[in-house]
Each structure stands twice: as structure tokens, then as C-alpha cells.
Amino acid sequence: MNKLWQVATFEYKRNVFKKSFIFTLLSVPLLIGLIIGIGLFVESSNVDTNMVGYVDDAEVINETGLSPELSAIWVSSYSDPVEFVAYATEDQAQDALKSKKIQAYYLLPEDYFASRRVFQRYIERPGENAERQFFDYLQLNLVNNQPQEIAVRVALGTKAVVRSLDGSRFIPESGPTFGLLMPLFINLAFLGLMLLSSGYTMTAVAEEKENRTMEILITTISPSELVGGKILGIVAISLTMLITWTGVVLTGVFIASRMGISWFGDLSMDWRIILATLAIAIPAYVLVTALMVAIGSVVSSEKEGQSISSIFIILHLVPLYISLLFLKQPHSILAIILSLMPFTGLMTIGMRNLFSIVPTWQVLVSMIVQILSAFGAISFAIWAFRYGMLQYGQRLKFGKLVRMKRRGSS
Amino acid sequence: MNVIDVNHIAKSFGLTQAVKDVSFTIQRGEIFGLLGPNGAGKTTTIRLMLNIFKPDKGSVSILDGPMTEDKKSKIGYMPEERGLYQDISLESCLIYLATLKGIPEKEARTRLGKYLERFDLAEHKGKKVKELSKGMQQKAQIINSLLHQPEVLIIDEPFAGLDPLNVQMVKDLMNELREQGVTIIMSTHQMHLVEELCDRILLIDKGQDVLYGHLNEIQKSFYGHAVLVRTQEELPTIKGVREVRQHNNAVKLILNDSTTPQEILNVLTSKKIIIEKFEIAMPSLDEIFIRVVEGGKQNE
């Protein structure tokens, strides 16, 4: 077997079968699941479908009920409908509340039309669905006697569709769909991988340098086979994480869409954007990994390495900090420059794709820049490894190394 | 036939000149001792030989030419201390490193089994390397340097951390390898082992070769700088004697460079001391080492 593959396979197996790796692999989807679970639990705890009473001294609510058109809208509007019960007096409503026949009651005073005040009475705070539905019900009753065309228009409300300034992106009234956000999720997943694995990559190399395993390896195989194999192995480890997480997310999305959760209703995606995202994200990840190997090869301590590596991670985060600029002007000069640069290209294109459609040429150039940068970083890592690896205990500054490389000095 | 030819190599790290000027040759099938005080430049010299570093000046020829990737599988190297993956099993670690040297896994397992038995490590092969004692790790490193049956073996402090039984085991192994024609370059501070094993030595001090040649010739060149005297009387202070040591049932007098054994004998007879034994002592390598290194310091 090719020695590069041997190193990559060894690195992969050595890490993937570790308890700590399995813990990391499972902890991320478990954590996301836990957060979603807590969210759903909190939301469900705010739902109460018990009856709600009202005392209508203002005679707003029509005793004969809503018109057929409004009734149809009312019935189809809620998955957790609440029944409303009328009480002639507040005493009756209070008795019903105390005997827990109703979760709350509302009092519409005689001066309601002038004051617009509605009194709410409860022992324990009623469900949010009950509160929302009562006021919707009140609104429908207010327009019940209006011409039905107007009443229906008011009942249905407004469909707000958000459109990007250049008109190339539409976000429906229900908000961005899962499919629309998918490329950004992929970018964020790669960013998460960088954060998770960069420290590990650098530490692993620094440790091998420290325990002199590298000295044995470098007298066994070539530096390019060693460094290339390591980078390949680490990228494979990260892809294992990514594929596992993607599998978990897709399973969750499938379950959510089958459960009828509206946000997952539209799963249509633009596969060209997703493929372009991956084509930029993978070399961007290789670039960071190679740089971490280079840093691990030259630093004298893990702490020193972390401070240097954090610079490259921060560069990836720059587009997130200035995302408002992309929203206002997705095709500004700054946006284009950041899209074409290594380190910032990944997140910039991800952000811009949310608000607009990035021109194909920019995606292609960014992809080429990322690939060339990745190869350059691998070459630099091999060089740094060769000349920095065996400087035991000696501090070799990263900047000095770059200058040495430029001069072609050994 | 020269297996290694080192020609006036020099290497600096920043302002520190680790190796100033070192030259030597190593012949096929010999055990060559690379000696020197701490920080003398031994390890840097080894790394220059292995092409881990490139020399600033001079050249190294190994197995008839410069170091190439192909030659790596013909060379066994054991760095001083550590060198193995700590967090995987001993067996996995050694098999992986052997396969990287181009040995098929099955063959590597067969060879490893024999070495593990020989070095009493068979029952520990499933343990993580970091769980092994220092001596066990040292033996594991020696096995690692041998599994691919190298033509040239370069070992840095091979006896560090070994008990007398294991020292003997490694000595026997090195003699066997020499008989098989393997060239061994050994760096150590244990001079008595160098005396027992090495054919030739190179002593480096402050990055320069200061002593080089066959061990017995070097010892002969220092012959006459010590005498053994056995007497029932107490010896007086004698001018020209640098140090007095007990040596079995006699006294060893270490002489200054300018003092001859004859002068000592004359002093003793002139003082009417009854001498039971008077013998010119062959200097030990320890003594030669101290003499050369301290001589170097005095000359600074």
C-alpha cells in the first residue's frame, strides 16, 4: 500500500476508535437534539386546550356565531383549538375558574369600544395558544358584520414575502425554509469542524514532535508522505463527523417534515449552490488543517500554537461579524473581495447566498483560490515540518518561518 | 568498505554551532562508538548522517552515496528515549512502523513475535506503550529499529534504563548482528560497554572530532599515563601524580602528561619503599574520555 495511504489509514483508525472521538461524534447531535427537545417541551408546556370563558358586557361577540366564511377560516387556523364559553356575569365566570372548568376568562367591559380594554382573569397563567386565539376570535367578531370580502381579507391577514434588494432571493411569509438555509448550515458545519479539529490537529503534531515519534517516522518515509498522509487522515476523520452529523440532521428533518412541522415543509434545495458550497468548503478545510500541521511542527508549546491558530479561525469568522453589510449590498466590492480570498471566502459566499445569488464566476474563482491555497498550504506544511519539526524546545516564530520560506532558505 | 563517510560536516542553529567540523568513516560490519560529553554534538551528527538535517558544510555518504528515500528501509534508527506512539498498543505501534519500512504485515508479525519472546515482552504486547516501564519501552525501541533487518543500525543510548540482564541481552544481540554483517553506530556514555563492544570510536567535543580510531590503538596511545603499584607501605605524595585511586589490591597512580612511569619508579625506590608490584596500567576509556575532555577545557 502506498505509504501516504498507510499514514492516512493509521491516523484515521487511531483517532476514530478512541472513546473521546466517539463521544465528540455523538455529543454534537445529542446536544442539538437536547436543545430542540427542550424547546419543544417549553413550547408544549405553553399550550393549554382547556376552555376559556368570557363575559361580554360590550356585546362584541355575536351569540349566533361567525359567518360561514369566517367560521371556515377560524376552524382551519389552529392545530390546538380552544373552546370559548360565554358567561352572563363575572361571578359565574369566577365560579367556573375556581372549579377549574375554564383555564381563564376575559371580561369585555361596556366601555370596550371607547377604552379598548380587555380584562383577563386567571389563577395560573393560561396557555399562550388560548390568549392568542381569544384575541383572534375577538377580531373576527369585530369584523363579522362587515362586508364578507373585507372581513375575510382582515381575517386572513397579510402575506409578507421578503425579497432581496436585487430581487434574486425570496423568503416566504413563513420565514426562510430549511432548503434555503442548507448551504449556510453546511458552511457553519465546516466552521464547527475547523474549531473542533484545528486544536486537535495542531496538538497531535506537536505531541509527536515532543515524544520524538516524528524522528522515527521521518527516517522511515518522506516528509511529503508523512504530512500528506496526516492531512488526508484528519480530513477523513472530519468528513466522518460531517457525514454522521448530516445523517442525523437529515433523519431529524425527515421526521420533522412527517410530523407536519411547517418549517420543514419545503425541503426543496438548490443543489448547484450546495455543490458549490462543498467545493469551496472542502479545500478551505484542507487549507486550515495543513496550516495547523505547519503550526504544530514549528511551535515549542501547545499554548503558543493555539494563539497562532486562533488568528486563522478568527479570519473565518470575519464575514459573520459584517453580515449586515452583505444584507445591504450583497454584491459590493468588499463582499466580492472577501468571497475570493482564502479564509473568508467560505463564510462570505455562504452569507451572500442567503441574501442573493452569487455569480457563478465568483464561485468558480473562489473555488480555484481555495484549492490552490490548500495545495500551497500542504506544500508549506511539508516544508515547515522538514525545517521546524526537530527544533526541540526551540522557539521558531511562525512569521520567521514564512520569511524563510519566501527566501527559500534552509 | 566504507558504509558511511562523513566529510568535514558543520551545522549551526542560529548562533549555536552544534557541529563545527567532524569527519569519520564507518566500515561494514563494525560496531562504531560515537562518544562525547553532553551537548558535544553527537545527536546532531547522527541526524546529519540520517539526513534529518542537511549540513551547512561538508557531506555525508551513506551506503555508497547521499541519503535517499530508498535507503531509509536499509537503516534502523533508535533515537534517545521515547520515539514510539504512547497511546496505542505495543504490537500495533511496532507493526505499523515495520510496515512503513516496507515489511508485509504478516512477515512483520512473525518477526515481532520472535523479538518479543526474546526480550520478554510477549505478554505485554497488548498494553499501551505508555503503560510499559522505561526499560520495556527501551527494549521496544530496539525491536523497532531491527524489525526490518537493516544493514545499518544507528542507536542513541541503547542501554539507558536497562537492568544488567537486559544490558547483557542487548550486548549479545549486537554481537550477533555484527557477525551477520550489520554495521552498528552506537552513541553512549557507558564507556565500559564501548570497551566491550566497539571496534572503533569517535570522540566529539564541542562539535569537533577530538579522538578517532581503533579502540586498542587509542588506549595504547594513552599507555604510560598510569601505573599500578602494590606495596604494604603507605605511599608518599609524589610529584607528577595527578590522582591516586584504589584498584583491587593495588593503587593506581594517574600521571601528569610530563611524568613518566620510570620517574615514579625512581621516586619509590629512592624512598626505599618495598614494591610488590609495579605495572604500567592500560588506561580505561573513562580515563581517556575525562583526560581528553578536561584537556580541551583547560586549553580554552
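This is a predicted model: local features need pLDDT of at least 70, side-chain atom pairs count only at pLDDT 80 or more; totals for chains, interfaces and linings use all residues.
Residues are numbered from 1 along each chain as written, and chains are lettered from A in the order written. Local features need pLDDT of at least 70 and side-chain atom pairs 80 or more, whereas totals for chains, interfaces and linings use all residues, and side-chain values use heavy atoms, without hydrogens and water.

Student: Why is the pair A:Arg14 and B:Asp87 called a salt bridge?

Tutor: A salt bridge needs a side-chain nitrogen of Lys or Arg within 4 Å of a carboxyl oxygen of Asp or Glu. The N to O distance between A:Arg14 and B:Asp87 is 3.6 Å, so the pair meets the rule. The count between chain B and chain A is three.

Student: What makes up the area buried between chain B and chain A?

Tutor: Buried area is the accessible area (1.4 Å probe) that two parts lose on being put together, summed over both. Here this area is about 2600 Å², and carbon and sulfur atoms give 55% of it. B:Ile52, B:Tyr85 and B:Leu100 supply 25% of the area that chain B buries against chain A.

Student: How do you know which residues belong to the contact?

Tutor: Contact means heavy atoms within 4.5 Å. By that rule, 26 residues come from chain B and 27 residues from chain A.

Student: What makes the side of chain B that touches chain A nonpolar, polar or charged?

Tutor: Ala, Val, Leu, Ile, Met, Phe, Trp, Tyr, Cys and Pro count as nonpolar, Asp, Glu, Lys and Arg as charged, and the others, Gly among them, as polar. That side of chain B divides into 12 nonpolar, six polar and eight charged residues.
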